[in-house]
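Take a look at the model below. We will walk through it step by step, starting with one chain and ending with its partner.

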Amino acid sequence: MIRALLWILGAILLGGIVHLATVLAMPQAATQDAYARLAPLTPVNSMVPLATPTAETSVMPFMDPAFAAAVCRYDLSSGIVKLNAPLSQAYTSVTFYTRNSVAYYAIDDRAAGRRAIELDLMTPAQHAEVPEGEDVTAADRLIIESPTRTGLIVLRALAPEPGLMPMARQALANAQCRIGPVQ
Amino acid sequence: MRLLFGSCFALLLAAAVGLGTTWLTISRGVAFGAMTVGAWRAWPRTGSVDIDPYARATIARTGELPLGTGDGVAFYARTDDTGNVLDGRCTFTISGTTPTARYWTVTLYDRSGRLVANTLDRHGFTSTEIVRDVDGRFTISVAPRARPGNWLPTGGIERYVLVWRLYDTPVGITSRTTKQDPMPAIVRKACS
């Protein structure tokens with residue numbers, strides 16, 4: 001009897017380990033995460049507008065239909081990414097995600113404070129290569145460090161009314177995401 | 001023989017317990033640090049690097065991109081204020097005031113995060129397009145058939161989820177208390 005209870009206790013402990021291991025491994029094992037869904041639609045290091053979600057099709061679940069969205073799927077192996085996004089009239093935001101969909105940085109138009117959101121995205125190693133003093137002279141541009149080499153930049157512009165959707169899409173159409181030298 | 005039987009049994013039970021609890025937590029979307037206001041729940045940490053492993057696993061499986069903390073915060077409701085499950089064949093009203101935010105949107109999804117087809121092609125409202133009364137208050141009728149005022153069609157589906165997104169808001173960053181941030185009340189009216 002005691003022996004059987006010990007076996008069950010051991011099994012439950014082992015089950016706990018299996019549980020933790022599978023939860024931690026899930027982000028690496030997932031084949032249908034946001035990055036995988038966007039990979040066939042978006043060439044690397046360029047800004048691509050996403051279709052507004054409808055009842056029939058939606059690139060990702062739980063997308064806000066009041067927003068026009070554009071995605072830059074980046075890869076920092078050949079240089080840094082320079083993002084330039086003009087602001088729409090209502091509300092514009094930029095969110096940075098790692099390869100595994102963790103939002104590590106987000107900024108909206110008001111926080112950016114100018115007529116366009118301008119950012120340089122680089123890995124910590126590339127940031128270390130930026131010459132001393134360069135940071136200060138280039139104070140105009142915000143520098144963001146990406147924890148991973150690849151990831152997603154998602155640009156969202158609000159259409160406060162359905163009729164303003166073309167305007168929001170137009171604002172995003174002028175956004176640029178291109179690879180640049182580290183200097 | 002007894003040892004072999006015992007270890008086989010233990011391994012099977014371990015696999016069942018481990019995988020079963022993982023499946024349960026991921027499919028229900030368990031995450032820590034929830035902020036509950038009435039029927040609404042938000043997980044502000046999910047939009048930052050402080051995201052917990054359960055939320056990470058959930059978003060990896062569903063394929064969604066969480067709202068970044070510097071962008072806004074999303075509140076989810078699956079029931080009304082008294083715990084009745086949101087049923088698309090019934091009429092629910094959403095009314096009251098909202099926390100401080102530059103803009104907000106409310107959207108109706110099915111349980112897997114898809115928009116619901118309807119004749120109006122309406123899936124939600126934004127804070128600018130909603131019709132308010134003279135005091136600035138509003139009432140949204142979530143119902144299968146047309147209603148006067150702000151009608152949010154359910155398409156008659158059995159279960160749905162309401163998502164209230166606040167953009168450019170201090171909620172979730174500076175505030176942790178629910179008293180500061182009143183969310184609109186969800187009340188069930190009639191079922192057809």
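What share of the contacts in chain A with a separation of 6 or more comes from residues 24 or more positions apart? The share is 70%. Two residues are in contact if their C-beta atoms, placed from the backbone, lie within 7 Å.

A word on the ground rules. This is a predicted model, where local features need pLDDT of at least 70, side-chain atom pairs count only at pLDDT 80 or more, and totals for chains, interfaces and linings use all residues. Residues are numbered from 1 along each chain as its sequence is written, while chains are lettered from A and ligands numbered from 1 in the order in which they are written.

Start with the overall form. Chain A has six helices and nine strands. Helices (H or I, at least four residues) and strands (E, at least two) are DSSP runs, numbered from the N terminus. The radius of gyration of chain A, taken over C-alpha atoms, is 21 Å.

Five strands of chain A form an open sheet, in the order β1-β2-β8-β4-β5, with antiparallel pairing. Two strands pair if DSSP finds at least two bridges between them. At the edges lie β1 (47-50) and β5 (103-108) of chain A, each pairing on one side only. Inside the sheet order, β4 (92-98) and β8 (150-158) of chain A pair over seven bridges.

Next, the core. A nonpolar core is a set of buried Ala, Val, Leu, Ile, Met, Phe, Trp, Tyr and Cys residues joined through C-beta atoms within 7 Å. Buried means that 20 or more other C-beta atoms lie within 10 Å of a residue's own. The largest nonpolar core has 93 residues, and A:Val71, A:Ile153 and A:Leu155 touch the most other members. Strand β2 (67-75) of chain A gives the most to this core, with seven residues. Leaving aside neighbours within four places in sequence, the contacts of A:Val71 include A:Leu38, A:Val48 and A:Ile153.

Finally, the partner. 52 residues of chain B are in contact with 49 residues of chain A. Helix α1(B) gives the most to the side of chain B that touches chain A, with twelve residues.

Key: A residue is buried if 20 or more other C-beta atoms lie within 10 Å of its own, exposed if 12 or fewer, and partly exposed in between; C-beta atoms are placed from the backbone. The radius of gyration is taken over C-alpha atoms; the globule rule is 2.2 Å times the number of residues to the power 0.38.
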